[in-house]
Structures are given as C-alpha cells and as structure tokens.
Amino acid sequence: MNVSLRRPVPGRSVALCTTLTLTLTLTVVLTVVLVLALSGCGSLNGVIAPVTARKAAAHDFKGVEIRPVDCRTAHCVALTFDGGPSRPTPRLLDILKKEKVHATFFLQGKGHTDTYPGTVARMAREGHEIANHTWSHRVLTRLDPAGIRAEVAPVQDEIQRITGHRPDLMRPPQGRTDNKVSKVMREMGLAQVLWSVTAKDYETTDTALITERVLGRARRDGVILLHDRYAGTVPAVPGIIEQLRRRGYTLVTVSQLLAPARPEPGKIYRP
C-alpha cells in the first residue's frame with residue numbers, strides 16, 4: 001500500500017487553524033448568548049444567591065437568633081406559588097396549615113387579588129409571605145419604565161388595601177428581567193425573586209409527575225416554583241412536603257431563606 005504524505009503548506013495551515021479557532025470561538029459565544037437569552041436574564045447587575053446574601057449579612061447580624069428557623073444551619077428550601085389566588089387556593093391553605101408550613105405567594109392582580117380578596121386576607125392572617133407577580137402577567141422586559149410601573153403598582157396597592165402590608169418582593173413573569181426592570185424595581189422598593197426548581201405544572205395535570213420534578217431538582221437553598229391555579233398542583237403538595245422533610249429539608253418563606261439578610265430593592269435573588 002502506498003501512502004502519500006504531503007508536507008503542510010505553512011501559510012495555508014495557519015489560515016486553516018485561524019479559521020477553525022474563530023469558528024469555535026464564535027460558536028461558544030453564540031451558545032452562551034442563546035442560553036442567557038432563553039433564561040430571560042441576559043447581562044444583569046445585582047444577581048445574588050440566597051447563601052451569598054446570608055454570608056454578606058453575617059457580619060452585621062453576628063449572634064442574632066433567627067426564628068423559627070435559621071437557614072444558616074438548617075437545610076432550607078423556599079416553597080413559592082405564582083399567579084394566585086385562585087379557586088383551589090383555600091384548599092392549598094388548608095394543607096399548609098395542617099402541615100405547619102409557611103409559603104411565599106407571588107400574587108397576580110387581574111382576576112385574582114381583585115376576585116379573591118378574602119383568600120389574600122387569609123394568607124396574611126395565617127402567616128404566609130405575600131409578594132407581587134404583576135397585574136396581568138405581561139413580560140416586563142418588553143415594556144418601557146412607565147409600562148412596568150403600571151403592571152406592578154396596582155398589585156402593591158391592592159395587597160396593601162387588603163392586608164395593610166406593602167410587599168417588598170416580586171417575581172417578574174416568566175422570570176424575564178433586565179437592568180431596566182431592576183432599576184424600576186429599585187425605585188419601587190421591590191427585590192426580584194427567581195427560582196431553581198419548577199415543575200412546569202402549567203403543562204401537565206399529572207400530580208405524580210409534578211412531585212417527581214420537584215423532588216428531582218430540590219437542593220439546599222433552593223426556591224421551588226409552583227402554581228396553585230392548576231389542577232394537578234395542589235394535590236401534589238402534601239407528598240412534596242412529606243418527601244422533602246424525609247430528606248432533611250425545612251420548608252420556609254423566601255425572606256426566611258435570606259435571613260439575616262434583608263431583601264434589597266432592585267436586586268435579583270436566584271439560587
């Protein structure tokens with residue numbers, strides 16, 4: 001067998017290597033940009049993990065006792081619900097009361113807080129954390145500052161009217177935020193809270209699948225996102241609570257997860 005080996009042409013080899021390098025570099029850059037775009041975050045200032053927030057506050061709050069749970073030592077997970085209150089929410093509140101769990105509810109305005117004010121009042125009365133999820137669930141990054149305020153301010157006013165308390169936490173619809181949104185939230189006194197676990201319960205009524213998705217990704221300092229308005233979600237909650245406790249987790253609100261740090265307006269908290 002005859003094998004013909006040709007000596008590489010220096011100029012051509014260098015050009016080829018340069019082309020390959022540029023191609024690979026461009027591919028990596030485009031991949032990163034695509035991932036960030038899909039996450040809805042892009043290039044953001046002020047993204048903070050809960051554990052980072054706690055550590056940063058440790059010096060100022062050294063020796064402070066945190067009740068009823070201290071997530072600096074306990075294995076905490078925050079349980080959060082978006083888009084309510086809705087018709088199934090009282091049943092969820094019954095479950096949480098029985099299990100002695102406090103959750104954070106990111107409430108929507110149109111068709112929710114304006115329709116079920118008694119449920120909002122009950123949430124506050126039973127010790128749950130109440131937060132803002134906009135009036136009509138519009139993607140805030142597509143709006144100008146005035147439009148962003150128009151989506152967020154009515155829910156602030158509605159919750160204050162019902163409960164006497166003005167929220168200091170919000171969750172942008174679809175988790176989509178940017179530096180423009182952050183600036184407006186800072187001016188409005190609201191910290192943004194994203195999540196680490198989603199069951200995508202908006203696309204299934206399978207309670208077992210919802211439970212599996214949550215348990216499969218639950219980690220210490222995580223934030224679980226569920227929606228009490230969907231049929232398969234509330235029935236999954238007792239099993240989720242039971243299994244998380246068996247694994248040694250303590251279920252808390254977002255503010256408890258961050259303590260002793262306090263939510264900082266405009267910042268984005270993401271596990």
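The side chains of D221 and R54 meet in a salt bridge, with 2.9 Å from N to O; a salt bridge here is a side-chain nitrogen of Lys or Arg within 4 Å of a carboxyl oxygen of Asp or Glu. Because D221 lies in the loop between α8 (207-217) and β8 (222-226) while R54 belongs to helix α2 (residues 50-57), the pair ties together parts that are 167 residues apart in sequence. Helices (H or I, at least four residues) and strands (E, at least two) are DSSP runs, numbered from the N terminus. D221 counts as buried at 10% relative accessibility, and R54 is likewise buried, with a relative accessible area of 4%. Buried means under 20% relative accessible area, exposed over 50%, and partly exposed in between (1.4 Å probe, protein chains only).

The model is predicted, so local features need pLDDT of at least 70 and side-chain atom pairs count only at pLDDT 80 or more, whereas totals for chains, interfaces and linings use all residues. Residues are numbered from 1 along each chain as its sequence is written, and side-chain values use heavy atoms, with hydrogens and water left out.

**Helix α2**

R54 is one of the buried residues of α2, together with P50, A53 and A57. These residues cover an arc of only 100° around the axis and therefore lie on the same side of α2; the arc is that of the directions from the helix axis to the C-beta atoms. An α-helix has 3.6 residues a turn, so residues three or four places apart point the same way. The face of α2 turned away from the buried side carries the exposed residues K55 and A56. Cover for the buried residues of α2 includes β1 (47-48), α10 (254-258) and β10 (268-269), where contact means heavy atoms within 4.5 Å.

**Further salt bridges**

The structure holds twelve salt bridges. Three of them are listed below, among them the D221 pair.

| Pair | N to O distance |
|---|---|
| D221 and R54 | 2.9 Å |
| D70 and R72 | 2.8 Å |
| R149 and E187 | 2.9 Å |

In the D70 and R72 pair, D70 counts as buried at 17% relative accessibility, whereas R72 counts as partly exposed at 31%. R149 forms its salt bridge with E187. Since R149 lies in helix α6 (residues 145-163) and E187 in helix α7 (residues 179-188), this pair ties together parts that are 38 residues apart in sequence. R149 is partly exposed, with a relative accessible area of 34%, and E187 counts as partly exposed at 44%. Elsewhere, salt bridges that share partners join D94, R122 and E126 into one network.

**Strands and aromatic rings**

Strand β3 (residues 104-107) pairs with β4 in the parallel sense over four bridges; two strands pair if DSSP finds at least two bridges between them. Within this pairing, F106 has A131 of β4 as its bridge partner. Both faces of strand β4 (residues 129-132) are covered, with E129 and A131 buried on one side and I130 and N132 buried on the other.

The count of aromatic pairs comes to one. F81 and F105 form this pair, which is stacked, at 5.3 Å centre to centre with 20° between the planes. Rings of Phe, Tyr and Trp (its six-membered ring) pair if their centres lie within 6.5 Å; planes under 30 degrees apart count as stacked, over 60 as edge-to-face and the rest as tilted. The pair links distant parts of the chain, with F81 in strand β2 (residues 76-84) and F105 in strand β3, 24 residues apart. Both F81 and F105 are buried.

F106 also has the charged end of R171 over its ring, 4.2 Å from the ring centre. A charge sits over a ring if NZ of Lys or CZ of Arg is within 6 Å of the ring centre and within 35 degrees of the ring normal.
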